[in-house]
Amino acid sequence: MTRNRRLVATGTPLIMVWQLCEALVPVMIGVTIDVGIETGRLGPFALACAGIVGVFLCLSYGYRFGALFLRRAEQDESHRLRVEVAEKAVQPVDDSRMAGEWLSLATADADKVSELVYQVAFTAASVTTVLVTAVYLARTDVTLALVVLFGLPVTVAITQLVSPAIARRTDREQAAIARVAGIAGDLIAGLRPLKGIGAETAASRRYREASRAARHSSIVTARSWGYMSGLTTLVSGLFLALVALLAGTRAINGELSLGELVAIVGLTQFLAEPIKLLGDLSAQFAASRASAQRLHGAFTAASHVLDGPERLPDAAPREVRLEAVTAGPLSDIDLTCSPGTLVAVTTDGPASADTIVALLDGTARPDRGTVRLGGIDLQDLARADRREALLVVPHAATPPEGTVRTAIDPDGRLDEAALDAVLTASAAHDVVEAHPDGLDHAVRIGGSSLSGGQRQRLTLARSLAADAPVLVLRDPTTAIDAVTEHQIATGLRTRRDTGRATLVVTSSPTLLAAADTVVWIREGRVVATGTHHDLQDDPAYREDVLR
Amino acid sequence: MTRELLPVASGRDTTRMLARLFRRRPLAVAMAVLGFLLTGATGIVAPRALGEVVDLVDEGGQTSDLMVPVLAIVAAGVIGALAAAVAVSALAQATIPVLAELRETVLDRALHLDAGRLEEAGSGDVMARVGDDVRTVTDSLDEAVPLVLTSLMAIAFTAGGLFALDWRLGLAGVLAVPGYVTSLRWYLPRSGPIYRAERIAPGERAEALMATLEHAPTIRAFRREQQAVGEVERTSEAARGFAVETFRMLARYGARTNRAECIGVLIILTAGFLLVSGDVVTVGAATAAALYFHRLFNPIGGVLMVFDDVQSSGASLTRLAGVALLPAHDDRSEALPGPARLELRDVGHEWEPGTPVLHGVDLVVEAGERVAIVGASGAGKTTVASIASGITTPTSGRTLLAGRPVDELGTATMRRHVAVVSQEVHVLTGSLRDNLSLAAPEASDEELTQALAVVSAAPWVAALPEGLDTPVGSFGHHLTSAQAQQLALARVVLRDPAVVVLDEATAEAGSAGARELEEAAAAVVRGRTAVVVAHRLTQAQHADRVVVMDHGRIVEQGTHDELVAAGGRYATLWNAWSGA
């Protein structure tokens, strides 16, 4: 709120002017009839008309600029909140929030909180209008003022009596409609697999059932909206009749002028709006508060960024070492990947593989033992140095949006020869050749326009292009056929030959065969270390890797 | 990016189709018309009655005379209330079923679109029709349509009321119209482009946000945090700009509408002044005229504001009608004329003209035989699979199933007897049972469980909290890709086709669960004619015959042992794989 004080401070009074002038329109019509039309005198009539023009000018400009300032304040605020959420979300935060939840924090909740700006301004304006009108009415006729000021909230309240029920039905209807839309999107998204088993007709029938259910709930909701609108017409009609009776009697008795009569009737009809608005605002305020609490929760959630004081000396070898590490399913693991070697780790299940990768990328800490990079405990190492020297590529890594070229080399550091070498090593040449645009072919977010194998090869190319001193890969070729995998194994050996350290966690025989050393982990312990060829003699090893 | 692959109906065809649909609900339509007419008519009673009150005051009437106009207001309130309730309900009764029927037909036609064409053009356009277009029309049915109808009635009856008071007052009312028309003509050419831009901007913002949120681990790994947040900031900034710009335009539009209102009020008051001075009408009539006009502010403003909603929902309707008017498909399938022997005769194919990907492929798969295809990416394996399954029609050569050309057999028959499972897995949002029963809607729970047992999925399904009722998909229990693929294979078991094509169906599993998936795939193809695009060489090892492809040609074929013994390309691969 305080961040937008200036815009809100100018916007609010302008909105007040607008609402007061809206209230003044019927009053001015009354005045014109009173002093002009009834008397038939041109001078006062012209003056009253000028007054009407003045009121319209004020209400028009008041709204135009007042609302615009508030809109800007609202948009500025939600923009800022959104960027803050994004900043928080890229950090390693507690994993309990899923991407969808972050998205709704960054959009729906940020928007809701920003609407507070409006709510404050409109509440202030409505309260002022009601008070000013009350004063005017009271000065004209106290009894009528009392009837109007107590009667109106009662009539608004009566029509609002049914609104919780309508809100519930509307929620249910929207849920049903969203479900129908969701089913449609879901079926179309899975259309190819569906067609593969000829399930189009069954799918169509399923959609029809959901659509029928939604149709029923839509009709029920619309009907209650109909009742609501009927009720509003009825209550406001009856109340108007009451006011007309009272005011008419007074006017006939000469206690009210004609113009005052018209003004009171007009005001009565107008006042229902700010009063209803006040009711709606309190509900909106509750929603904004809930959003604000959710945002606060996200901003204060702990993020565990691994960072330490020690720098990595230039002379230290760029290698990783696990020394007697016990963590999760792993116990007492020793493992070294030195410069100029290609080391493969193969495990009997995904849990052990996950833990090794997590220990290296800093999201898990060993219970016992030490993980070292260049001889320094990873827990003590400066984050920037760690990330500079060690690239841990997650299995589910995805290419960024852009082109094939930027997916491999986002900063444009590679020349054509280097790029060509990377493409060869990652067997990604045919990803480039698959499309006439070649390297400039567009890649959609997450590489959704590519096949699984193409995605993996682009990620591999990007990992090799980054040319980090130590590279850790997790199951980089699961979606790649045996022939292409063979080329990739050769490519990884090229990287080894340039003196870099490469660690591959995999169960692919082709990659294992290319490694200098295979570390075989079974039931959390290192069972054997050696070449793929030598380890083959053990039937249990064959069982684990040759599937 | 998205190519339009579906037709758009002309305005006339759309109207004709809607008229046909509405004609089936004559009662609801009649009730809605009657209801809206009555609301309009009762709406003008109150200002008229108030005018009479003014006249009574002006002419020094009795208090008792007040009862007539006051009771008129009460009666109008009661009748108007009933009419409003009936009108809105009847409108819903008439329109909502029409919309539901329309969206069901649209989805049905979309689901039955020719697979080859769909493959080529992508599903973006289909998605937009069944999603955005349906939503646009639904939203306008909820809000814009009732509002427009009520407002139009109010406007029409008020105009009539003005003329009933005095034709010169009516004429004064008509003089107010040009002001509104000018305002609308200022707004419409501006609103379209701005709204389009404003609608696209949040989409881009959401994409940037999703890219950051979903891919946070990759972003962190490659140290791209700053760039990712920067992209969010840029798109969010752009969306903010459009939101403010749109509002600025709306505010200016509002100001123009205010101007029209002001001019209208002045014209009517002036007319009243002149007519009262000339003793042509009473002060009450002049008052009623001014009040009539004042109560039109909201309805007119409402119509002006939703004018472009109505326009865009009209456009959406033509897009929906375009799909709905596509011919219905023939769903009848026939039994195969003989054993399911699959033949590709001298098949060549080009996805893009001038770039052949297959050359003279001859492949015969005997009924019940299991053939594995091995080759590098781009060798043409997937194209062969797609042609073998009858989804793609080859540019040259012929495909036969059970001795008959596939185009003679027809789509429905092909889809009944040939099942395809590709690398692309999709778990539908819904229960596990929903996912399975798509393949066999009549299947009992027992049959479903048996199918799961065949693909070795029974143990983990039994361990799920609610068994077959466990929700899966976007909001449900998360399935690993291996489990999702097991479901896809279980569907094939339930479907029980004569021919199965597996296109790298076990590739995405990763190291976890790969073996179970291999076994599941083996169980599914047992006893069927099978083409398996092999990903791991163990699949090839257990096939009846291995076909090795390279650059669109078959270069080697034979049993696993024959090929290993022959010492060719396959032998090299096998040695690398087995570490021999």
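**Exercise 1. Find which residue B:V546 stands opposite in strand 12 of chain B, then describe how the two strands pair.**

Solution. Begin with the residue pair: B:V546 stands opposite B:G558 in strand 12 of chain B. Please keep in mind that this is a predicted model. Next, look at the pairing as a whole: strands 11 and 12 of chain B are antiparallel and share five bridges. Finally, check the turn. This hairpin has two residues between the strands, and B:H551 takes a positive phi near 45 degrees there.

**Exercise 2. Work out the strand order of the open six-stranded sheet in chain B, and say which strands stand at the edges.**

Solution. Step one is the order, which reads 6-9-10-3-11-12, with mixed pairing. Step two is the edges: strand 6 (418-422) and strand 12 (553-558) of chain B each have a single partner strand, so one side of each lacks a neighbour in the sheet. Step three is the twist, which averages 15 degrees from one strand to the next.

Now go through two of the parallel pairs. Strand 9 (residues 499-503) and strand 10 (residues 529-533) of chain B run parallel and are joined by five bridges; here B:V499 faces B:T529 of strand 10. Strand 3 (residues 370-375) and strand 11 (residues 545-550) of chain B are also parallel, over five bridges. In this pair, B:I373 has B:V547 of strand 11 as its bridge partner.

**Exercise 3. Decide how helix 1 and helix 13 of chain B are oriented to each other.**

Solution. A helix pair is described by the angle between the axes and the distance between them. For helix 1 (residues 11-23) and helix 13 (residues 297-324) of chain B, the angle is about 75 degrees and the axes are 9 Å apart. Angles of 65 to 115 degrees count as roughly perpendicular, and the two helices therefore fall into that class. To see the contact, select B:G11, B:D13, B:T14 and B:M17 in helix 1, which meet B:L317, B:T318, B:A321 and B:A324 in helix 13. The residues of this contact divide into four nonpolar, three polar and one charged.

**Exercise 4. Is B:P47 buried or exposed?**

Solution. First place the residue: B:P47 lies in helix 3 (residues 45-58) of chain B. Then count its neighbours. The cut-off for a buried residue is 20 or more other C-beta atoms within 10 Å; B:P47 has 23 such neighbours, so it counts as buried. Leaving out residues up to four places away in sequence, B:P47 touches B:A288, B:L291, B:Y292 and B:R295.

**Exercise 5. How many residues does each chain bring to the contact between chains A and B?**

Solution. Chain B brings 135 residues and chain A 129 residues. On the chain B side, helix 11 (residues 225-277) gives the most, with 25 residues. By type, the chain B side holds 75 nonpolar, 34 polar and 26 charged residues.

Methods. Residues are numbered from 1 along each chain as its sequence is written. Chains are lettered from A and ligands numbered from 1 in the order in which they are written. This is a predicted model: local features need pLDDT of at least 70, side-chain atom pairs count only at pLDDT 80 or more; totals for chains, interfaces and linings use all residues. Two residues are in contact if their C-beta atoms, placed from the backbone, lie within 7 Å. Helices (H or I, at least four residues) and strands (E, at least two) are DSSP runs, numbered from the N terminus. Ala, Val, Leu, Ile, Met, Phe, Trp, Tyr, Cys and Pro count as nonpolar, Asp, Glu, Lys and Arg as charged, and the others, Gly among them, as polar. A residue is buried if 20 or more other C-beta atoms lie within 10 Å of its own, exposed if 12 or fewer, and partly exposed in between; C-beta atoms are placed from the backbone. Two strands pair if DSSP finds at least two bridges between them. Axes are lines fitted to C-alpha atoms, for helices over the stretch in contact, and angles run from 0 to 180 degrees between N-to-C directions. Angles under 35 degrees count as roughly parallel, over 145 as roughly antiparallel, 65 to 115 as roughly perpendicular and the rest as oblique.
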